[in-house]
Amino acid sequence: MQTQAYDPESFKGDKPFCDVVLKGGVTSGVVYPLAIVELARRYRLKNIGGTSAGAIAAAVAAAAERARDTGGFPRAAALADFVSRNLLSLFQPHPHLRPLFEIALSTLRETRPRLRILRALWTAARGYRQATLLGLVPAILALVAAWASANAWALVAALLAAPIGCALALGWHLHDVVVHELPRHDFGICPGLRQPRASGPALIDWLADALDDVAGLRASGRPLTFADLWGSSPEEPRINLEILTTNLTAGRPYRVPFRRRFLFREQEFAQLFPQRIVRWLVDHSQPYAEDASYRWLPANADLPVIVAVRLSLSFPLLLAAVPLYDPEFCFEGTGSKLQRCWFSDGGVCSNFPIHFFDSIWPRWPTFGFSLEDFEEGRHEHRVLLPTAGSATGVQNFKRVDSLGSFLQAILHAMQGWRDHLQSALPGYRERVVRVRLRPDEGGLNLHMPPQQIESLSELGAQAGRTLHEFEWPAHRWRRYVISMARFEGTLERMRRTYGTADTPSALAEFLERYAPTPPFAQSAEWQRDAREDALDLMHTLDRWLGRTRLRDGEIPKPDVDLRITPQV
């Protein structure tokens, strides 16, 4: 593959801002480099977010934006060439888990169910030769006995014992590998670092260097950090990168950079990050006062971007999870003040956090790149940007016609129901580019040939170019129309709850007589000002609701809610 040459001058000059959010999808991320580059020819990237494979692309986009005027985006485009030639080699299993990796690959290469089982068994027999031979021992002994006794039925029994014995021995060994060996390697087949006898870099080795190279920091010898993206003002960052990860122990997502502090252990991180990254983390962190073998993660400004990315792309079972330690919570009865938290793929909780940078009245557009399924005869376009007035063609329906697809659909709904609803709403759907992939493209298809990866990269470039003609004024008006109608409905309910003199159970009457107690008691001055502000709001609502109902206008459907939700 040879990526087209991009003129560095085409990225310079005044351009409008945009935000961008990128969906996860393991190897589907090969779509993103050229999508980002094409988008950057029309816009400057302000807020950039992603999860899983989308986190990789988000970090590359942020690094390129930092070096926009010094060739950052052409260097980002060149990454597509390397990935097309080396995709499979980036995923390097731990030597003890290589047979398990080969078994998984063998099943992915075969689409026919029965042959998939046979291929997996054959790969397992070759990978675990000792277990296979052990399983043959009873059959060999029975065969010798049958030969000596010249008993035909004993000979048949001996021949049947061979596959049964092998299957039992392999099953027992695989059970031990999955139940005991995999947890010992942080629940992942591939640690992410270069393994013995590998001819090239592994995913995290390569990505750490690639981010520094794209950002123009390779010669400095130090990693790209969030401070490099933020510039002189963290409160108003020049480039804001936010990545989603999942704390499996706590059962919730987190944004990185974290809004709270966690600890790490140097010897554990040495198995997950290049040595230069670990050294940076140690040099820019402080030891935990109660146990110096633990260290606080560096302040967010000093946190290497590769650490944030690694926290999000820990594809379950494929890439090892990342252990961090929480000093504020622990299991009762353990006697420990630190809770070990396993951080895994951000897509476990939200594979497409299109809500990341949204606001009621946006200052500029937030674009999304969504990776979805393509079916021949059902979908017309591989790349689609829905029109503002159309509600058709934006739902990512899953075909359910077998037990396997039924179970996959359950996981799909559990994992992304909120993302699916959000990205189909008016004011959202027309800014989400949908890139549709065939079953043998992206996902866990680690064995894609270079020409197939090249075609996916071109789909990404097409997706990025699609946004060049995005109608921002019309989109801005739609968001205003939707929000004003929603405000009216929400505020009307608030007015009913606050009440009037004719409603004895009104909130106003409650606030006059209730004496608040700790922990959230407020001063008398605060309570007085809050009541006056609430009363002023009610007077405004009386005037608002006395005019024409805004909800009776031409409002895009479906209806939306305005709620208080927790920050991630």
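**Exercise 1. Sort the lining of the largest cavity by class: how many residues are nonpolar, polar and charged?**

Solution. 
Step 1: Ala, Val, Leu, Ile, Met, Phe, Trp, Tyr, Cys and Pro go down as nonpolar, Asp, Glu, Lys and Arg as charged, and the others, Gly among them, as polar.
Step 2: tally up. The lining of the largest cavity has 20 nonpolar residues, three polar ones and no charged ones.

Before going on, bear in mind that this is a predicted model, where local features need pLDDT of at least 70 and side-chain atom pairs count only at pLDDT 80 or more, while totals for chains, interfaces and linings use all residues. Numbering runs from 1 along each chain as its sequence is written, and side-chain values use heavy atoms, with hydrogens and water left out.

**Exercise 2. Find the cavities: how many are there of 30 Å³ or more, and what lines them?**

Solution. 
Step 1: settle the term. On a 1 Å grid over the protein atoms alone, a cavity is a set of points where a 1.4 Å probe fits but cannot get out; a pocket is an open set with protein on both sides within 12 Å along at least five of seven lines; and lining residues have an atom within 4 Å of a point. Points are joined across faces, edges and corners, and the volume is the space filled by probe spheres set on them.
Step 2: count. You get two cavities of 30 Å³ or more.
Step 3: take the largest cavity, at about 320 Å³. It has 23 lining residues, with Gly29, Val30, Ile56, Val83 and Trp206 nearest its centre. Helices here are DSSP runs of H or I with at least four residues, strands are E runs of at least two, and both are numbered from the N terminus. Helix 1 (32-40), helix 2 (53-66), helix 3 (72-86), helix 8 (203-214) and helix 14 (450-466) each put at least two residues into this lining.
Step 4: take the second largest cavity, at about 30 Å³. Its lining includes Ala208, Leu211, Asp212, Arg276 and Val305. Helix 8 gives the most here, with three residues. By class, that lining comes to eight nonpolar, no polar and two charged residues.

**Exercise 3. Describe the ring pair of tyrosine 43 and phenylalanine 367: what is its geometry?**

Solution. 
Step 1: A pair of aromatic rings is described by the distance of the centres and the angle of the planes. Rings of Phe, Tyr and Trp (its six-membered ring) pair if their centres lie within 6.5 Å; planes under 30 degrees apart are stacked, over 60 edge-to-face, and the rest tilted.
Step 2: search the whole structure, which turns up 24 aromatic pairs.
Step 3: pick out this one. The centres of tyrosine 43 and phenylalanine 367 are 5.2 Å apart with planes at 65°, so the pair is edge-to-face.
Step 4: Tyrosine 43 sits in the loop between helix 1 and strand 2 (44-51) and phenylalanine 367 in strand 12 (residues 366-373), so the pair ties together parts 324 residues apart in sequence.
Step 5: check burial. Buried means under 20% relative accessible area, exposed over 50%, and partly exposed in between (1.4 Å probe, protein chains only). Tyrosine 43 and phenylalanine 367 are both buried.
Step 6: Tryptophan 361 and tyrosine 480 are tilted, at 6.0 Å centre to centre and 40° between the planes. Tryptophan 361 is partly exposed at 49% relative accessibility, and tyrosine 480 is partly exposed at 36%.

**Exercise 4. Look at serine 312: where is it found, and is it buried or exposed?**

Solution. 
Step 1: locate serine 312, which is in helix 12.
Step 2: read its relative accessibility, 0%, so serine 312 counts as buried.
Step 3: list contacts, meaning heavy atoms within 4.5 Å. Leaving aside neighbours within four places in sequence, serine 312 touches, among others, Gly50, Thr51, Ile243, Ser344 and Asp345.
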